[in-house]
Amino acid sequence: MTILSARELIIDIPGRSNGAKLNLDLAPGQIWGVLGPNGAGKTTLLHTLAGLKAPRCGEVWLDDVELAAIPRREMARKLGLVFQDRQDSFPATVLETALIGRHPWLSVWQSEQAEDIHRAEAALGALDLRELGERLLNTLSGGERQRVAIATLMTQDPAVWLLDEPTNHLDLHHQVQVMRLLSACAHREKGIFMCLHDLNLAARWCSHVLLLYPDGQACWGPTESMLVRDALEGLYDQKLIELNKDDIRLFAPAND
Ligand SMILES: Nc1ncnc2c1ncn2[C@@H]1O[C@H](COP(=O)(O)OP(=O)(O)OP(=O)(O)O)[C@@H](O)[C@H]1O
């Protein structure tokens, strides 16, 4: 079963040749990590999968319907996106922001019900934000704001979760907390697709990996077969050392 698929997809990056056509299937329970150097097109791919940016060619299908044919409201129930950069200038509290995740589920004139507030508070609790519920968003630290964005997606609870560098700004404890939460969501049959810069998080938490090259070439598959040192050294133009400890694979930059 597939919930989101890219068919013969070429993302549109101005001035870049077409590169590889992407044929990807995201199934419930899978966690995909997109890896690649700065400017490779990870964010562009995520925005294309979310229907925010038109592809150069090819199609994106959500639940066997082409994205362009799905009404926005229905799409917002099925698919959610955590952006890399957010303009949090709207003067909202943390709880009000998390509640935005319920809007696709409410009718136009309906206000949030106790169940919606319960869901938002549970999401804030899962991200250690419960005490900050009444704080204005613009008074939060970068990591706290990042966790609010993830809590908002949790409150929305779509079938497909797209996240652009979800561990940005997070300390080590909260990086692990977020990856564990995403893993728990995958166990609830959600499909997770995220851009990452951390090879070690990808190695540990992703079931599948897509390597995206600056010239548009790409390859993808199960994590075990994609995170190969030689391939990663080529991807990042960086020598690496690989360590295996207690069944955990670790990559670190080599000195030379
Ligand atoms: N409107 C635009 N006009 C021209 N080039 C653009 C435009 N938008 C994006 N690009 C270019 O497209 C390329 C891909 O950008 P994108 O943000 O998708 O990369 P990324 O892989 O997410 O990078 P990073 O790791 O730095 O977040 C970059 O070289 C960027 O400069």
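**View 1. Strands S6 and S7 pair in the parallel sense.** This pairing of S6 with strand S7 (residues 160-164) runs over four bridges; two strands count as paired if DSSP finds at least two bridges between them. Helices (H or I, at least four residues) and strands (E, at least two) are DSSP runs, numbered from the N terminus. Leu81 stands opposite Leu162 in S7. Helix H5 packs on the sheet and touches S6 and S7, where contact between two residues requires their C-beta atoms, placed from the backbone, to lie within 7 Å. The direction of H5 makes about 175° with that of S6; axes are lines fitted to C-alpha atoms, for helices over the stretch in contact, and angles run from 0 to 180 degrees between N-to-C directions. The model is predicted: local features need pLDDT of at least 70 and side-chain atom pairs count only at pLDDT 80 or more, while totals for chains, interfaces and linings use all residues. Residues are numbered from 1 along each chain as its sequence is written.

**View 2. An open sheet of six strands has mixed pairing.** The strand order is S6-S7-S8-S3-S9-S10. Strand S6 (79-82) and strand S10 (218-222) are at the edges with a single partner strand each, so one side of each has no neighbour in the sheet. From one strand to the next, the twist averages 15°.

**View 3. Helices H4 and H5 pack at an angle of about 140°.** The axes of H4 (residues 114-126) and H5 (residues 142-156) are 8 Å apart. H4 is therefore oblique to H5 (angles under 35 degrees count as roughly parallel, over 145 as roughly antiparallel, 65 to 115 as roughly perpendicular and the rest as oblique). In H4, Arg119, Ala120, Ala123, Leu124 and Ala126 meet Ala151, Met154 and Thr155 of H5. The residues of this contact divide into six nonpolar, one polar and one charged; Ala, Val, Leu, Ile, Met, Phe, Trp, Tyr, Cys and Pro count as nonpolar, Asp, Glu, Lys and Arg as charged, and the others, Gly among them, as polar.

**View 4. An open sheet of four strands has antiparallel pairing.** Its order is S2-S1-S4-S5. Strand S2 (22-26) and strand S5 (65-66) are the edge strands, and each pairs on one side only. Strand S1 (residues 4-10) pairs with strand S4 (residues 57-62) over five bridges in the antiparallel sense. Arg7 stands opposite Glu59 in S4.
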